[in-house]
Structures are given as structure tokens and as C-alpha cells.
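User: I would like to learn how to read the features of a fold. Can we take one structure and go through it feature by feature?

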Amino acid sequence: MTHREVLRALSGLLMVLFAAMVSSTVVSVALPQIVGSLKGTQSQYTWVVTATLLASTASTPVWGKLADLFDKKRLLQVAIVIFAAASLACGLVENTGQLIALRAVQGLGMGALQVLVQVIIGAMVSPKERGRYNGYLGGVMAVSTVGGPLLGGAITDTDWLGWEWCFFLAVPICVIAFFMLSRTLHLAETKKPDTKVDYVGATLIAAGVSLLLLWVTFVGNDFDWISWQSAAMVAGSVVLLGAATVVESKVREPVVPLHVIKRRDPALAVVASLAVGMAMFGGAVFLGQYFQISRGFSPTEAGLLTIPMMFGVLVASAVAGRLVSQSGKVKPYILTGTLVLTAGFGMLATIDHTTSLVFMGVGMFLVGTGVGMSMQNLVLVVQNSVPLRELGAASGAITFFRSLGGTIGVSVLGAVLANQVADKIASGLAALGIDAGAGGGAGDLDLEAMPGPVAEVVRAAYGDATGHLFMISACIAVAGFLAALFLSPVELRETVDLPEQIALGEETVLGAK
């Protein structure tokens, strides 16, 4: 495709990506209001986010593999329909349980959109040129993450709209993008006879990850760390994921191509993506809750307060994308990004319910800058090491592990936050001479329904507990930095397919010579 044709198709692809990204960010700042109005709890708050991430994570490698086997354009259109229908249904729920279930369906479409956009761009342009287009992707991610919280806050604060429009918002964007792509996206597809999708492996991976996340969510509250429930769930996860590894090593068309991710650079990129995903999703998802519950800001104000982080993503992704395309070198930007990410979370680890907003703004900007420099460039490392025929599976694998990291991060940090908050609320109420079991509804997130002193205890508990989450995120980010440190200093190739693959049809090794 020519540059002009790529840009025409890219306009629809960016709209699709924007719809997928904004569906998370527009809800993040409104979620305290949504869960409060539906009378949900802190665990349900976490699962409204986790359900989407889990479904997205489990389905991502399947969509990536399907993209190698079938018509990429048709798959993208199917994903748009699934995502739009689920978004519409989310706005019509009557309780938190329904919302969690429909958010899982929405996650199926979201996982498809995120990986298929990257796969289609990879099929159109070479890895070296892809750095420039990844700058556009990073810009859309930043705009959606900046505009999403602002839109979510404005929608929630507007009486005649209501929080339901946080979900309805994605529907018209998806409809427009669907028709744009029908006209502008033209890919040369080759028919692949005797294709098989590894549904067994995908099911085992999804079941193993889901069981592990359920254990993380409920351990410490519903049962003890050392108990038969813990043993059964952890052992079950190990068995399921072990079986998935065996299946993936045996089948002809694996969902997660082990022969790709066991190479040095893809393996290190996977580890770094896990760390970046855990740190970014796990830490950032609770910022809106912190600003609203602990600091008492409105949803719109909470959205405005997250702008430093999103501005960092916007600037860093655009600048780093251009520099990568010019130099063909990607390691320096990943290394710097993970280091800056660690520093940002280190600053945020010191916050409580009285921390200066200027200090928090600097920390959030550093987090955003680190994410913008590292996230898309880690995808490039993996895409640079595979031939065109494996592009979908490889892109799906790296996106899968990044989403897996985010899902684990949200679940683990959500469980830590719930336990920390429960302990701090109990001690705070005890200091007021109030029985924690009759704390006036302190277990839910509807602060307006609580007595004044109880609400203040809850606000302080959330503010003081949030710093612990960012300390954990900083430790996770260090693991990403160490993985990036050992990446090979390869240069990105200038062809869409590997020259060695085209000439010899052999399995490729690391990078372009």
C-alpha cells in the first residue's frame, strides 16, 4: 500500500482503537459513581475492570492467530460489531453483576480491536516505518486516555445524560469506523487450506488465568492464604497452565507460538510487557478512585487531574516513535522508558490523603512518559523478529502478556487495596467508638449515604492505602527495566516480511541482519 492508502486506512483503524481505549478510560473516572449508584462494593469495583481485562487477555491470542489464518478485514468488522453491541448493553444494566458480565463481553471485542489494529498495520508497513505509525497509535492512546476521563467526568456530572452515556459513547464511533474501513481498507489476503485454530490451548490458558485471578481476589477475605481453597485454586491454575504449555508445544497452529517467545529478545520483551502492563493498568486504574473518594473531587475534576500522566504518554509516544523510525534502534527508548516509569511510581508510592497535587502531577507525568516510550516499542521488538505469516500470532502473544500483566496487576492491587482499606476503616471507626460491623455502610462506595465522620474515615483510608499500591507498581516496573537491560541492540528491518523467509522459507532467528 502507498503512503496515502495507508493513511486513509489508518484513519478508520485509529477510530477503532480510540473507541476501544476510550471505553476503558471514560469509565475509569466515572466508576466510583457507577458502582456507588448500583450499590456495589470494593471487590465489585475491581471486577468491573478485571472482567474486561480478563476477557480481553484470554481472547487476544485467539484473535491474533485467527488473523494469520483468515481475512483480517472481516475479523476486524466482526470485532467492531461485538464491541459496539456490548457497549450498548452495558449502559442498560440494573445492577453490578450484570455490568460485570457485560463488561466481559465488551472485553472480547476490545481484545480483538487492540491486536487486529496492530496486525493490520504490521501487514501494511515495515517495522522501521512502523515506528512513525506507532507514533500515531500512541497519540490516539494518549488522546483517548486524556479525553476519556474528561468525557467520563463531564457525562457523569451532567444530570440529563447520566453515567450510562459513558458506555453509549463508543457506539457511534464504532458505526462510523465500520463504514470507513469498508471503503478504505484493502489487504491482499491469501487462502490458507486446512487451517486449524487451537481452541483447546486457548481454553486452557483462559481457565488457568481466570482461576488464578479468582484466587487473588478472594484470598485473605473469603478464606485464608493457607487453606484448602487456596491449595485447590493455585494447584488447579498450575495444572491448567502446564497443560496449556504442553498443548501449545505440540499443535501445528499454536495460539501462543512458543518457538517465537522462547527466543531471547521476544522473551525479554514479553517479561517487560508483563511488568509494564501490571504497573500501568494496576496503578493507573485506581487514580480516579483516589481523587474522588479520598480527595473529594468531582468526576470532571478527577479527569482533569490525570492529564499530566496522559500528556506524558502523548508526548513520549509521538517523539519516541519518530526517533525510532529515523534511527532504526529501539532498545535505548525502551530502557529509558522503563527507568522513567519506575521513578514515577517511586514518587507516587509516598502519597497519602494530604499529598500535594503538584507533586502527584510530576509523578504521573513520569509514569505516562515511561509508558509512552516503552509500550509500543516492545511490540516492535517482537514483530521485528517474525515473518509476515506469524505476525498475527506474535502480535497477539505480546499483547496477551501485556494484558495479562494488566489483569493480574488490577486484581492483585485491588485485593491489596480492599484489605488495606478494610483494616484502616476498622481502626478509624474504632477510634470513633463505632463498631466496624455497623459502620454505617462503610463497606460500599456510596459516601453520600454515610454519616459525616464515617465518610471522613473512609476517605482517609483510601488515600493512605493508595500509596502502597504504587510501591508495588514501582517494584514491578524494576523487573521491566531489568528485562529491557538485556535486550539485544538490534536494528529494525525495512521490509514488511523477513528477507530470509522470502528467499529460503526457513525459520528465522533474531531480528534483521
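Analyst: We start with the ground rules and then take the features in turn.

Analyst: This is a predicted model, where local features need pLDDT of at least 70, side-chain atom pairs count only at pLDDT 80 or more, and totals for chains, interfaces and linings use all residues. Residues are numbered from 1 along each chain as its sequence is written, and side-chain values use heavy atoms, with hydrogens and water left out.

User: How many helices and strands does the protein chain have?

Analyst: Helices (H or I, at least four residues) and strands (E, at least two) are DSSP runs, numbered from the N terminus. The protein chain has 20 helices and zero strands.

User: What share of the protein chain counts as buried?

Analyst: Buried means under 20% relative accessible area, exposed over 50%, and partly exposed in between (1.4 Å probe, protein chains only). Of the 513 residues, 58% count as buried. Accessible areas come from the Shrake-Rupley method with a 1.4 Å probe; for residues, only the protein chains shown count as cover. The protein chain exposes about 19500 Å². Carbon and sulfur atoms supply 68% of that area.

User: Which residues touch the most other members of the largest nonpolar core?

Analyst: A nonpolar core is a set of buried Ala, Val, Leu, Ile, Met, Phe, Trp, Tyr and Cys residues joined through side-chain atoms within 4.5 Å. The largest one has 137 residues, and Ile34, Leu76, Leu116, Ile121 and Met124 touch the most other members. Helix H1 (residues 3–28) gives the most to this core, with 13 residues. A second, separate core of six residues includes Val219, Phe223, Met233 and Ala415.

User: What does Leu76 touch?

Analyst: Contact means heavy atoms within 4.5 Å. Not counting residues up to four places away in sequence, Leu76 touches Leu13, Val16, Leu113, Leu116, Ile120, Leu181 and Leu185.

User: Is Val246 buried or partly exposed?

Analyst: Val246 is partly exposed, at 47% relative accessible area. Val246 sits in helix H10 (residues 228–250). Val246 and Gly201 are 45 residues apart in sequence and 8.8 Å apart in space, C-alpha to C-alpha.

User: Which residues make the nonpolar surface patch?

Analyst: Patches are made of residues with over 30% relative accessible area and no salt bridge; like charges are joined within 9 Å, nonpolar side chains (Val, Leu, Ile, Met, Phe, Trp, Tyr) within 5 Å. A salt bridge is a side-chain nitrogen of Lys or Arg within 4 Å of a carboxyl oxygen of Asp or Glu. Here Phe311, Val315, Val319, Leu323 and Phe365 make a patch of about 390 Å². Helix H15 (residues 307–327) supplies the largest share, four residues. Phe365 is found in helix H17 (residues 357–383) and is partly exposed, at 33%.

User: Where is Asn377 found, and what is Asn377 in contact with?

Analyst: Asn377 is also in helix H17. Asn377 is buried, at 5% relative accessible area. Leaving aside neighbours within four places in sequence, Asn377 is in contact with Ala320, Val324, Val330, Tyr333 and Ile334.

User: How many disulfides are there?

Analyst: A disulfide is a pair of cysteine sulfur atoms within 2.5 Å. The whole structure has zero. Cys166 is buried, at 2%, and Cys174 is buried, at 4%.
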